[in-house]
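Visitor: Hi! I have a model open here and I'd like to walk through it with you. Could you show it first?

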Amino acid sequence: MIDWMSQFALVLLDTCRDILPIAVTIIGFQLLVIRKPVVHPKKMLIGFIYVLLGIAFFLEGLQMALFPLGTLMANQLTTPEFLGISPTEQNVAWQTYYWVYIFAASIGFATTLAEPSLLAVAMKAEQISGGTIRAWGLRLAVSFGVAFGIALGAYRIVTGTELYYFILTGYIIVIVQTLFSPKLIIGLAYDSGGVTTSTVTVPLVTALGLGLASTVPGRNPLLDGFGLIAFASLCPIMAVLGYAQIAQWLNRRSLSSKP
Amino acid sequence: MLKNAFIKQLFSSFLDLVPILAVVLVFQVLVIRQPIPDVGNLIVGTLFVVLGLTLFVQGLEQSLFPIGESMAYAFALKGSVFWLLAFAFCLGFGTTVAEPALIAVAQEAANIAAKAGIIQPGNDAINDYALGLRLTVALSVGIAISIGVLRIIRGWPLYYLIIGGYCGVIAMTPFAPPEIIGIAYDSGGVTTSTITVPLVTALGVGLATAIKGRNPMTDGFGLIAFASLTPIIFVMAYGMLI
């Protein structure tokens with residue numbers, strides 16, 4: 001119990017240290033530049049403490065429950081014994097790793113749904129759009145994007161294709177999509193690329209990438225283990241833009257069918 | 001009444017976690033076919049995550065969103081572009097330099113650089129390289145948020161800047177050392193932390209609401225997008241220079 005308490009205190013302290021620069025910036029500018037008293041200071045302070053405690057509990061819980069299991073699974077799924085190949089075999093077909101792709105997609109989808117930053121942006125978007133953009137719809141679209149992105153990234157590590165080609169193609173698709181998307185969604189779509197990968201997704205996905213790169217013959221974990229996060233930040237942009245385009249198209253169709 | 005709302009939030013946080021639990025359990029039991037180690041820890045940890053998520057959402061609406069918005073209004077009222085940009089820069093720089101995910105990635109990148117022979121092997125050189133990388137990324141996020149805020153004030157269309165950024169990334173990639181490319185692309189995704197995102201989103205949306213002629217929906221978002229794009233360019237430049 002005492003062991004556990006000290007562990008929690010450490011996590012809480014870490015969180016405080018991470019927040020410190022933000023708190024200093026806000027308080028400094030509030031006092032020196034804005035020079036106006038804060039409205040409801042007590043309520044804000046309590047809210048800030050909630051955020052601190054929330055993040056500390058969140059991280060501690062993840063470290064207790066999900067990270068050990070998730071990284072263990074990522075490692076187990078990429079062992080030669082599980083895949084049924086001999087470690088000396090050089091030419092393994094990419095299909096052999098199908099469980100890895102399925103796992104990558106599912107874990108990407110599930111962790112993105114629980115990502116607190118995405119939750120925050122989705123709440124804000126629903127509030128501003130007056131409910132036209134549903135928080136759940138946005139989160140689902142982003143999660144599908146991440147799932148696809150991480151599975152594709154795993155495939156890239158297995159085949160050893162250059163990261164550059166995929167990202168380049170991705171950028172071109174995003175640019176083309178942007179030209180045809182409703183203007184309202186563009187900012188939100190671009191933002192959703194950046195928010196998908198933080199506390200929950202990064203550690204699990206990194207473990208998967210490094211595990212995969214160290215098992216697949218001919219891959220160097222130092223060079224090929226990276227890039228999954230890049231996919232996870234690019235694909236949600238396409239997913240959200242696509243979601244908006246489909247929604248717009250369906251709207252138009254239902255409008256034109258009802259004269 | 002308050003208790004009721006709290007329980008409702010607890011329940012919805014739990015729903016957010018169900019997919020992760022399902023994936024982990026299904027794979028562990030059906031695919032890997034191993035018993036789940038440490039069931040007790042799994043249950044307690046999950047409860048912690050649910051509680052943490054609930055508190056976070058509560059604090060978000062009570063504190064982070066209002067702070068970001070009220071500061072945006074105060075700056076808009078004050079009308080000083082310089083101080084607003086300075087604030088944006090500090091917010092971006094300050095939140096990124098201490099970001100744990102970035103610290104981990106920078107360390108990893110330094111190890112790679114040492115192995116690839118870009119820098120001298122040895123702890124001092126590795127630590128210097130990692131610190132330099134962190135400062136580079138933090139600087140780039142600070143600049144990104146400032147440019148993003150300037151864009152909201154001036155009302156430039158977001159996609160011009162983003163497409164310009166993409167072209168920058170594409171143009172730089174062939175010239176960057178191959179070892180750094182993966183890390184550069186990944187560093188774009190790890191810069192924005194759980195506290196930065198709500199604050200920066202509220203700041204952008206608040207500014208777009210306060211400034212006449214801006215629409216919070218079209219102009220308010222996009223700050224995070226810059227913060228995930230500029231690190232890619234800056235990290236590649238860092239790799240080219242060192």
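Guide: Happy to. Let's start with a backbone detail: just after α5(A), G130(A) takes a positive phi of about 65 degrees. Keep in mind as we go that this is a predicted model.

Visitor: Okay, then tell me about that helix. How many residues does α5 of chain A have, and how far does it reach?

Guide: Helix α5 of chain A covers residues 116–128, which is 13 residues. From its first C-alpha to its last it reaches 19 Å, close to the 18 Å expected at 1.5 Å a residue.

Visitor: Why is α5(A) described as largely enclosed?

Guide: Because 10 of its 13 residues are buried, α5(A) is largely enclosed by the rest of the structure. The buried residues run from P116(A), S117(A), L118(A), L119(A) and A120(A) through V121(A), A122(A), M123(A), K124(A) and A125(A).

Visitor: Let's zoom out. Which kinds of elements make up chain A, helices or strands?

Guide: Chain A has 11 helices and 0 strands. Along its principal axes, the C-alpha trace spans about 70 × 70 × 30 Å.

Visitor: And how much of chain A is buried?

Guide: Buried residues make up 55% of the 259 residues in chain A. On the contact side, looking at contacts in chain A with a separation of 6 or more, 81% are between residues 24 or more positions apart.

Visitor: Now the partner chain. How many residues are in contact between chains A and B?

Guide: On the chain A side there are 90 residues in contact with 91 residues of chain B. The area buried between the two chains is about 8,300 Å², and carbon and sulfur atoms give 81% of that. K124(A), Y171(A) and F226(A) supply 8% of the area that chain A buries against chain B, more than any other three residues.

Visitor: Which helix of chain A gives the most to the side touching chain B?

Guide: That would be helix α2 of chain A, residues 41–77, with 23 residues. Taken together, the residues on that side of chain A divide into 64 nonpolar, 18 polar and 8 charged.

Visitor: Can we look at a residue there? What does S106(A) touch?

Guide: Not counting residues up to four places away in sequence, S106(A) touches V23(B) and F27(B). S106(A) is in helix α4 of chain A, residues 98–113, and at 18% relative accessibility it counts as buried, as the cut-off is under 20%. Its C-alpha is separated by 15 Å from that of R139(A), 33 residues apart along the chain.

Visitor: Over to chain B, then. Which backbone oxygens does the side chain of T95(B) reach?

Guide: The T95(B) side chain reaches the backbone oxygen of L91(B) at 2.8 Å and that of G92(B) at 3.2 Å. T95(B) lies in helix α3 of chain B, residues 81–97, and is buried at 4% relative accessibility. Leaving aside neighbours within four places in sequence, T95(B) is in contact with I22(A), C90(B) and T196(B).

Visitor: One more threonine: where is T173(B)?

Guide: T173(B) is in the loop between α6 (158–172) and α7 (178–190) of chain B. At 2% relative accessibility, T173(B) counts as buried. Its side chain reaches the backbone oxygen of V169(B) at 2.7 Å.

How values were computed
Residues are numbered from 1 along each chain as its sequence is written. Chains are lettered from A and ligands numbered from 1 in the order in which they are written. This is a predicted model: local features need pLDDT of at least 70, side-chain atom pairs count only at pLDDT 80 or more; totals for chains, interfaces and linings use all residues. Side-chain values use heavy atoms; hydrogens and water are left out. Contact means heavy atoms within 4.5 Å. Buried area is the accessible area (1.4 Å probe) that two parts lose on being put together, summed over both. Helices (H or I, at least four residues) and strands (E, at least two) are DSSP runs, numbered from the N terminus. Ala, Val, Leu, Ile, Met, Phe, Trp, Tyr, Cys and Pro count as nonpolar, Asp, Glu, Lys and Arg as charged, and the others, Gly among them, as polar. The expected span of a helix is 1.5 Å times one less than its number of residues. Buried means under 20% relative accessible area, exposed over 50%, partly exposed in between (1.4 Å probe, protein chains only). A polar contact is a pair of N or O atoms within 3.5 Å; within protein, one must be able to donate a hydrogen and the other to accept it, and residues adjacent in sequence count only if both atoms are side-chain atoms.
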